[in-house]
Every structure is written in structure tokens, then in C-alpha cells.
Amino acid sequence: MKTFASLLQFQKHFDTNEKCRAYLEQQRWGNTPACPFCGSTNVCRFKNDSRKFKCREKECRKKFSVTVGTIYENTKIPLTKWFLATYILTNHSKGISSHQLAAWLGITQKSAWFLNHRIREMLTDKSPKLLEGMVEVDESWVGGKFSNIHKSKKKGKNHNDNKTIVFGALQRGGKVVTKIVPDTKAVTLVDAVHSTVKGGSIMVSDENSAYKSLSKTFVHGSVHHGIGEYVNGPIHTNGIEGFWSILKRQINGIHHCVSPKHLQRYCNEAGFRYNLRTNAQDEKFTTSIQNCEGRLKYSVLINKPKRK
Ligand SMILES: [Zn+2]
């Protein structure tokens, strides 16, 4: 496989939409194109338009191209720009704002914002494996600055009231998984642990009593931050706390303000970069391209009710 060790090499390699399309076909289907409607591989390519295919199954007979059923479906932005944006977003240590992306690609800020969100969909691990071994768990309050709340609404509120709670689990030497949670009640956090960490693992947390009930399923070690205890041999939560600071630097430094409904995607973006931190730049790009199945419509993204 070609490697794209630098941005310059990358741009040279993917300088036409045809090359991008061919690469996408290869990554999505290998040498066996499949109908996105019925899954059949009994398909043929149009002779007069090599971008298009037709399904030969009697009940289907649908026409399609490689972008149908993917994040790129119906896009008006050329694939060369999509590829470049994906390469930058997967490799830049903090991501990139839609303003910056718009300026670089010569598209509107609205298009860049939508493009960024669709690329974040590709950075989402759609079937994450349960973490195992030694796993650090923690919660963090993200986004929504207290100073941004209007004076009239500040009364009786504390600094975390305008923030969204994110649960995180990090396998030592492995991956991080994040989940937006509605609160920090024991039942909520216990659920979050069960859906991310394999039973029998060694689970490390701070003194939050919510995690105590898990000692039947996991070997549980904790540090007591309240009394100044942060490390007790291998028992510490430094890994997940390091991830929180990366996430917050990205959100506060690049995007400034992230609404709760989009926060999970920003967490997934930071998680993708963290989980593939030791991979080469071209591998990060290819991994995201291989995850292009599934659409994200603008109306769904902005939560707009369907027109009747
Ligand atoms: Zn078909």
C-alpha cells in the first residue's frame, strides 16, 4: 500500500476525485463491490460511467456508486477536499475548527462544520470491545463555561451546572472509551462500567462511592483524592485524567463552545486520536475511511423535525 507520510505526499497522491473514488472503492469493498441496498455482490459497473454500478439481482436492480450508504452520500463537496479534511482531522493533535477548515478548503463555514461532524462519525468506534486488564474509570464535567451563564440565571447554580458529564474508562496501555451520562448516581455509573469493562478486570477509580458496589464483579482499587492521595503503587487514575485534559484542551482551545448534543462526537474524535496515537499518519487516515458506512443527515445533526 502507498504510504502518505506527509501532507505533501498525501495531496500529490489524491489530486483527483477519480483517485479518491478508486481508493474508497478499494477500502470499502476490496475487489468485490457489493450492492448497498441488498448486499449482493452480483453487480456490474457501467461501461459509459465507471463511477456507477448496477445490481443484477432481480428483486433489486438498483443503481449505486461507492458513496451510497456512506458518510459521503449526496455530498456536493469534492472527494479530494473530503480526503484532505479527513487526513488533517485525524492527524492534527487537537483537531481543527470549522472556521480554519473552511478557509483551507475554500468552502463555507457551514459546509465545513457539517463536514467536520460527518468525519467525526467516521472516527467513532461502532463496535468497541470491552476493556480488560487494568482499567481506570472516572467522570469529568465538560464544556459550558460558568462565565457564559447569564447573570440572572447564575443564582443558586454552581460551576458544574452548565456542563455535561462524561464517563470515561481507559485500559492501561490500551484504549479509552467515553460515554455521555445524565448524572453521577451509582446506578448510572455502574451501568456505564458494565457496558465498557469486562467482568473480572482490575478497576481503578477515585473515592466516588458509586463504584464500591462493583467490587463483586471487578477487583477494585481506589485512590482518595479528597485526602491528597493520588498514587498508590499501580493504583492511580493518571491515565484517564491525562485524557480529560487532552479533551478539554481540544474543546476549549479549538472549538470554544460545544453543545451537549454534539459533545459525544467530540469525545469520539479525541478518543480516536488517543487510541491510534502510536499509528502512522496514513494508518489513521485509512482506519477512518474504512469506517465510512452509515449516513449522517444534516437534519438529524441539527435535530430538525422532518417536513411533512
Ligand atoms: Zn441490490
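Strand 5 (residues 164-171) is largely enclosed by the rest of the structure, because seven of its eight residues are buried. Buried means that 20 or more other C-beta atoms lie within 10 Å of a residue's own; exposed means 12 or fewer, and partly exposed lies in between, with C-beta atoms placed from the backbone. Strands here are DSSP runs of E with at least two residues, helices are runs of H or I with at least four, and both are numbered from the N terminus. This is a predicted model, in which local features need pLDDT of at least 70 and side-chain atom pairs count only at pLDDT 80 or more, while totals for chains, interfaces and linings use all residues. Residues are numbered from 1 along each chain as its sequence is written.

Now look at the partners of strand 5. Strand 4 (residues 134-142) runs antiparallel to strand 5, and eight bridges join them. Two strands pair if DSSP finds at least two bridges between them. Strands 5 and 6 form a hairpin with four residues between the strands, where glycine 173 takes a positive phi near 75 degrees. In a regular strand the side chains alternate between the two faces of the sheet.

Next, turn to a pair of helices. The axes of helix 2 (residues 17-29) and helix 3 (residues 79-91) come within 8 Å and cross at roughly 65 degrees. Each axis is a line fitted to C-alpha atoms over the stretch in contact, and angles run from 0 to 180 degrees between N-to-C directions. Helix 2 contributes Asn17, Cys20 and Arg21 to the contact; helix 3 contributes Leu79, Thr80 and Phe83. Two residues are in contact if their C-beta atoms, placed from the backbone, lie within 7 Å.

Stay with arginine 21, in helix 2. Is arginine 21 buried or partly exposed? Arginine 21 counts as partly exposed because it has 17 C-beta neighbours inside 10 Å. Leaving out residues up to four places away in sequence, arginine 21 touches Arg51, Val66 and Leu79.

Finally, step back to the whole protein. It has 11 helices and 10 strands. Of its 308 residues, 31% count as buried. The C-alpha atoms fill a box of roughly 75 × 50 × 45 Å, taken along the principal axes.
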